[in-house]
Number of protein chains: 2
Amino acid sequence: MDSPNLNELRVIGLPPLPEVRAGDDLARQIGDSIDASGLGLVDGDILVVTHKVVSKAEGRLVSLNAFEPSDLASRFAEAWGKDARQVEAALREATRVVRMDRGVLIAETRHGFICANAGVDASNAAEERVCLLPIDPDRSARMIRDDLRRRFGVDPGIIISDSFGRPWRNGIVNVAIGVSGLAPLADYRGLTDGAGYELHVTVIAVADELASAAELVMHKLEQRPVALIRGYRPPTTSPEGTGSDLVMPPERNFFP
Amino acid sequence: MDSPNLNELRVIGLPPLPEVRAGDDLARQIGDSIDASGLGLVDGDILVVTHKVVSKAEGRLVSLNAFEPSDLASRFAEAWGKDARQVEAALREATRVVRMDRGVLIAETRHGFICANAGVDASNAAEERVCLLPIDPDRSARMIRDDLRRRFGVDPGIIISDSFGRPWRNGIVNVAIGVSGLAPLADYRGLTDGAGYELHVTVIAVADELASAAELVMHKLEQRPVALIRGYRPPTTSPEGTGSDLVMPPERNFFP
């Protein structure tokens with residue numbers, strides 16, 4: 001199938017994990033899923049892991065009753081038909097509120113991410129729990145990478161992903177919130193194209209694009225939290241980095 | 001390689017096209033590239049086409065000398081060390097300016113997209129030209145789709161892509177600006193997961209994720225403007241739509 005004039009990557013939704021619980025060895029579960037897939041692990045492989053299973057393993061699935069609503073949370077919840085404890089959970093995860101209006105709360109997290117509800121996921125509300133973001137997704141990625149390297153003898157790239165909304169664009173997309181073992185940004189500055197022209201594109205957020213590619217095989221209804229990307233060839237020699245590199249530096253931020 | 005418990009898609013950068021010129025039959029060039037790849041076209045295939053070759057074929061590569069700078073363009077260009085004709089081109093493509101400060105111009109296009117320089121690409125500046133967005137990328141996608149269907153007897157999905165910056169996130173990513181023959185949004189609202197819980201995720205911008213996946217094999221330095229995505233299985237039964245469906249409706253827009 002391969003030909004020198006094609007450039008191909010495969011994006012593979014791995015077999016479902018067992019239900020992840022606090023304290024579980026997630027790297028082992030991912031390793032077992034790789035084994036079950038029959039694909040093994042080879043140099044250059046990248047694993048994209050939905051943050052939700054990371055959060056669960058790290059004990060970040062928290063009872064709603066842990067969040068005693070403040071007056072602000074109560075008023076906002078009442079005005080917009082929300083659960084005040086969910087609003088309170090988001091406010092406690094926030095370091096800054098960007099928008100809080102019309103039932104929508106967009107806030108900055110301790111990691112510097114700006115997203116709905118400061119990353120608090122209420123999809124377990126039926127069981128009276130919310131899922132908070134991992135404390136340090138870069139560390140979570142690094143630990144999964146270390147464990148998989150020990151098990152398979154191959155050093156994979158790891159991306160922890162979440163789905164974020166975007167100003168001006170409809171729908172949410174997967175982005176990278178934790179990264180280990182790959183360059184999150186492909187920096188083309190100063191490079192020239194085939195015709196010798198300096199490239200206008202500057203820096204591409206390839207980790208976000210890899211996270212988005214992975215979402216396409218994760219299928220929410222099938223609970224596939226891990227995707228394997230094989231055959232990705234980094235387009236530049238940009239250095240390895242972390243999810244923090246994907247946060248816009250304040251001096252280049254036009255949207256406070 | 002395939003197993004019932006994997007969910008795999010392939011993202012393939014097709015062989016380079018010849019240099020595209022105004023008036024070229026782009027669909028024929030893409031068809032020739034598919035033939036050269038040996039992959040053919042099968043049901044469910046999606047082709048992602050960089051807008052730049054579409055713009056070129058449609059005569060949207062325009063001499064900088066066509067843009068007589070206004071006073072505003074001249075002052076902004078002088079203050080920030082820019083080419084006033086490039087600034088003027090962006091202002092003429094804009095229907096609204098969102099930010100114009102510190103050398104950065106973020107503007108709304110006639111299509112409703114909000115992006116740097118109203119989508120004007122200055123990477124051909126060395127040859128004194130700028131590349132404007134296609135007038136109607138959805139129509140461009142539909143025409144390529146119609147031509148390929150006639151040639152191959154298979155109805156592909158087509159995405160016209162561009163790279164956009166994002167507030168708060170470092171680096172640019174590929175998004176879909178024109179769509180034909182696929183559902184740009186996967187709407188999970190009202191669906192329940194394996195455990196019977198209604199899904200919190202609402203609407204995923206799968207066309208943007210497909211565009212991002214394609215960028216990973218396009219490699220700017222190799223000039224691969226077309227990627228073939230094979231094996232994508234839409235996760236929901238959401239209806240087909242266009243690139244306009246990816247523009248946030250005004251009533252849900254928190255970032256005017």
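Which strand of chain B is joined to β1(B) by four bridges, and do the two run parallel or antiparallel? Hold that for a moment.

Some housekeeping. This is a predicted model: local features need pLDDT of at least 70, side-chain atom pairs count only at pLDDT 80 or more, and totals for chains, interfaces and linings use all residues. Residues are numbered from 1 along each chain as its sequence is written, while chains are lettered from A and ligands numbered from 1 in the order in which they are written.

Chain A to begin. Its secondary structure comes to six helices and twelve strands. These are DSSP runs, numbered from the N terminus: helices are H or I with at least four residues, strands are E with at least two. The C-alpha atoms fill a box of roughly 60 × 45 × 25 Å along the principal axes. Of the 256 residues, 48% are buried. Buried means 20 or more other C-beta atoms within 10 Å of the residue's own, with C-beta atoms placed from the backbone. Take contacts in chain A between residues at least 6 apart in sequence: 62% of them join residues at least 24 apart. A contact needs C-beta atoms, placed from the backbone, within 7 Å.

Now the pair. A rotation of 180° with 0.0 Å of shift along its axis superposes chain B on chain A, at RMSD 0.0 Å. The two copies are thus related as by a two-fold rotation axis.

The interface next. Chain B brings 66 residues, and chain A brings 66 residues. On the chain B side, α6(B) gives the most, with nine residues. That side divides into 36 nonpolar, 17 polar and 13 charged residues. Here Ala, Val, Leu, Ile, Met, Phe, Trp, Tyr, Cys and Pro are nonpolar, Asp, Glu, Lys and Arg are charged, and the others, Gly among them, are polar. And 100% of the interface residues of chain B are also interface residues in chain A, so the copies meet through the same surface.

Finally, β1. Seven bridges join β1 of chain A, residues 7-13, to β1(B), running antiparallel. Strands pair if DSSP finds at least two bridges between them. Glu8(A) has Ile12(B) as its bridge partner, and Val11(A) stands opposite Leu9(B).

Back to the opening. The strand is β12 of chain B, residues 226-230, and it runs antiparallel to β1(B). There, Ile12(B) has Leu228(B) as its bridge partner. Seven of the seven residues of β1(B) are buried, so this strand is largely enclosed by the rest of the structure.

Methods: Copies are superposed by least squares on the C-alpha atoms of residues with pLDDT of at least 70 in both. Two residues are in contact if their C-beta atoms, placed from the backbone, lie within 7 Å. A residue is buried if 20 or more other C-beta atoms lie within 10 Å of its own, exposed if 12 or fewer, and partly exposed in between; C-beta atoms are placed from the backbone.
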